[in-house]
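Welcome! Take a moment to look over the sequence and the 3D view, and then we will walk through a few parts together.

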Amino acid sequence: MSPIKVLLLPLLLLIAQNAQAQVTFERILNAADEPHNWLTYSGDYSGNRHSELDQIEPGNVNDLQLKWVFQAQSLEKFEATPLVVDGIMYLTEAPNTVTALDAKLGRVFWRYEYTPSNQSRPCCGRVNRGLAILGETLFMATIDAQLIAIDVVTGQPIWKAAVADPNSGYAMTLAPLIVKDKVLVGVAGGEYGVRGFISAYEVDTGEEAWRFYTIPGPGEPGHETWEGGGDAWAHGGASVWVTGSYDPELNLTYWGIGNPGPDWNPAQRPGDNLYSDSVVALNADTGELEWYFQFTPNDDYDYDSVQIPVLVDLDTRVFSSGKLMLWGNRNGFFYVLDRTTGEFIRGNPFVRVNWASGLDESGRPIETPQPAGATTYPCVGGGTNWYSPSYSPDTELFYVSAWEGCGHVFRPVEVEYLSGQRFLGGRPTYANPGAPGLPSLFRGPINNWTETEGTGAVIAIDPRTGGERWRFNMTDVTTSGILTTASNIVFTGGREGYFYALHAETGELLWRTSLGGMIASGPITYAIDGKQYVTATSGNGLFVFGLRE
Amino acid sequence: MNSLFRLSVVGIVLIFAMASSNLSAQEDEGRYEQTDIEYGATVYAEHCVTCHGDNGDLLPQINLRNGRFPNSPSDRDLGNTIRNGLPGTAMVPTEYTDSEITGLVAYVRNISNVPLGSVTLGDSVRGQALYEGKGECGSCHRVFGQGPRSAPELSNIGAMRSAAQIERSLLGTEGSLIPINRPVRAVMQDGTVINGRRLNEDTFTVQLIDDQERLVSLEKSGLIEYTILTTSSMPVYEQILTDEERADLLAYLLTLKGLN
């Protein structure tokens, strides 16, 4: 860490302690100015998951040692990103338990356990990805589609708002996003024929302020992309299960939208199916649509576009606009968009892709459907998935967790919509009938995702060219997010249970440790008393590292 | 007939063409493997027939033959229902193995096309004799502490693998070797060669059982060569055993369900 930052940290800590738990909107807006905290899901509104902390650097990263471990009581998948505010960590575990800890020692202040309705119908585990905070209130989106406000000091609920009906397949797994005096969430349920939406609630009361349906209703622009005149639009999915980003200058909040339903039978929903597999830019005050960009029209493959919108300002020598959005999509393409207008700037594959031969001038895929029974790349898991990418303004590189060489055969099947029931329209398989079934996304100690099914990688992409700067290969696929720091370190992990520090410029492995369980969330970093910490979830534990003293 | 079961009704091969019309709400019609359907029929006959009847229509309002399962639209849901039972009914939770669930789901999805009495499993007693004798399976595989360890242990094979998967292994079908079980060859820095069967692998290490039946863990950084082979040394039993003998052998393997 630079001497100036070392000196500043204790001062910042003193200031913060005086205002403990008073997290104003202005503080979140300027989160990069207090890197000792982690105030929102991606660290700040840009979705960069990048920290200015630099005490842990390539020259001393081998001195990292385990400081403490938090063992979750839940045995379900640990996908949460913690928040850290002035020395206190707020953490969720599945399904909807919140714990407040001393972020230096790992000791617990309080726990709040919410019991969701047993009518919850999550597609892929009762996971929760984290919290939002404003003032003295935490906000949690629950698996039974409720939004709960919780007192940061007592851990007791303040209000609960019913966002949607879990009996119809609605759920929430994402960390909410605070914008001004509203808390924003989106609904999951894309495998149950829901009609997705993003909605905003008054932070003080839980009253709904606005709602944006991710499938336009009759008479609304875009409704015509659900062709055929039936009610496909009403059960078309387009869910929202990962937190969006926010540009305060434009007052736009950006959200990635999930797959259309039924997932694998596009014949039941002819048309482009807006705004499935798109990014939408909404006015943060009203929820009105400013622009959209669709990555995968009439999706055949379940290529959710729920990835974190990564907002980047680059000079205009290469790009006509300096205000960019970078997107490593589940469909295997890397995109650069103008985040002011939604204009497509450039795009290219970052893993093996054969469902499209490329993108046209507008960014629309030039589709090349594979013959019946042939393998399509990427597989249903995608070239990447929901795992947080990172962008470092120091290296000006975009880092993405990738699944390489993973392909499936897609066989559409007619499926009847039944409320609250799965609405899938087929099942991906392997081309070789002798191959074993799809490996589980839940990984035990034995690798079940060998070279046959695909491998993992962290890929560093230069947004100026779309080209790959370096690649760090893994034997197993990866479910980890990525964190970069100002000291040119990439922290990430994988299903194998390794937690890595890579050199951000070269991809060189600087340090690794084996934590023993699959890493299924993104690392964060914070500082207390001038000492930097970095975290990783692995299996059912949260592991916190710092430099040896 | 390629099936390893003896069937009295050869028309069963029409299942794949006939199964789709009344199963439009299901995910996987036409994708069930004949061997699983047949194995499922035998499990059904043992566990389900008393209540559901030979034709699946014995219970009022629960006709398995119409292919409609509103509470179990996917095969996974149906498998869970079979395994977990239905609270408040006589259908109690039952500890089926994965291969039994695979078979039951496949059979129930196709019940209207498979006369229950038409399926007869091979003779597991004769199958055990073939395992130990003509088939020479015991020269590589191990069951309940007997036999070498070079090939995968089979004490639990009837629970771990579906009937169709075991059948494909016996026939030497391409891809039937489970990838994690692939043979590997490693050469150490000093030239020592280690051949073995892979047990686990990650980015930096591989765990295997070598040809001396030792558990070995290797760091890849310490190797000058590491090769994963994709072919199995297992004989192709289509050329060694008759159809009837393979049916008997499969019947025996399906009885191997561990200590449970």
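Which residue in β18(A) is the bridge partner of Ala281(A)? The answer is Trp291(A). Please keep in mind that this is a predicted model.

## The sheet around that pair

Strand β17 of chain A covers residues 278-283 and pairs with β18(A) through 5 bridges, in the antiparallel sense. Both strands sit in an open sheet of 4 strands, ordered β15-β16-β17-β18 in chain A and paired antiparallel.

At the edges of this sheet are β15 (245-247) and β18 (289-294) of chain A. Each has a single partner strand, so one side of each lacks a neighbour in the sheet. From one strand to the next, the twist averages 20°.

## Another sheet in chain A

Chain A also holds an open sheet of 4 strands in the order β7-β8-β9-β10, again with antiparallel pairing. Here β7 (132-134) and β10 (157-162) of chain A are the edge strands, and each pairs on one side only. Ignoring direction, neighbouring strands are turned by 20° against each other on average.

Inside this sheet, β8 (residues 137-141) and β9 (residues 146-151) of chain A are joined antiparallel over 5 bridges. Look for Thr137(A), which stands opposite Asp151(A) in β9(A).

## A hairpin

Now find β13 (residues 197-202) and β14 (residues 208-213) of chain A, which run antiparallel and are linked by 5 bridges. Ile198(A) has Phe212(A) of β14(A) as its bridge partner. β13(A) and β14(A) form a hairpin with 5 residues between them, and Gly206(A) in the turn has a positive phi of about 85°.

## Nonpolar cores

In soluble globular proteins, nonpolar side chains tend to be buried together. The largest nonpolar core in this model has 65 residues.

Setting aside neighbours within four places in sequence, the contacts of Leu138(A) include Leu83(A), Tyr90(A), Val98(A), Trp110(A) and Ile150(A). A second, separate core has 57 residues, including Trp241(A), Tyr335(A), Tyr391(A) and Val400(A).

## Turning to chain B

Chain B has 9 helices and 7 strands. Of the 260 residues in chain B, 47% are buried. Among contacts in this chain between residues at least 6 apart in sequence, 61% join residues at least 24 apart.

Helix α9 (residues 243-253) of chain B has 9 of its 11 residues buried, so the rest of the structure largely encloses this helix. Among the buried ones are Glu245(B), Arg246(B), Leu249(B) and Tyr252(B).

## Two crossing helices

Helices α2 (residues 34-47) and α5 (residues 98-109) of chain B have axes that come within 7 Å and cross at roughly 100°. That makes α2(B) roughly perpendicular to α5(B). Residues making the contact include Ile37(B), Tyr44(B), Leu104(B) and Tyr107(B).

## Where the chains touch

Finally, visit Thr450(A), in the loop between β26 (397-404) and β27 (455-461) of chain A. Is Thr450(A) buried or exposed? Thr450(A) is buried, because its relative accessible area is 2%, under the 20% cut-off. Leaving out residues up to four places away in sequence, Thr450(A) touches Pro179(B), Ile180(B) and Arg198(B).

Conventions. Residues are numbered from 1 along each chain as its sequence is written. Chains are lettered from A and ligands numbered from 1 in the order in which they are written. This is a predicted model: local features need pLDDT of at least 70, side-chain atom pairs count only at pLDDT 80 or more; totals for chains, interfaces and linings use all residues. Side-chain values use heavy atoms; hydrogens and water are left out. Buried means under 20% relative accessible area, exposed over 50%, partly exposed in between (1.4 Å probe, protein chains only). Contact means heavy atoms within 4.5 Å. Two strands pair if DSSP finds at least two bridges between them. Axes are lines fitted to C-alpha atoms, for helices over the stretch in contact, and angles run from 0 to 180 degrees between N-to-C directions. A nonpolar core is a set of buried Ala, Val, Leu, Ile, Met, Phe, Trp, Tyr and Cys residues joined through side-chain atoms within 4.5 Å. Angles under 35 degrees count as roughly parallel, over 145 as roughly antiparallel, 65 to 115 as roughly perpendicular and the rest as oblique.
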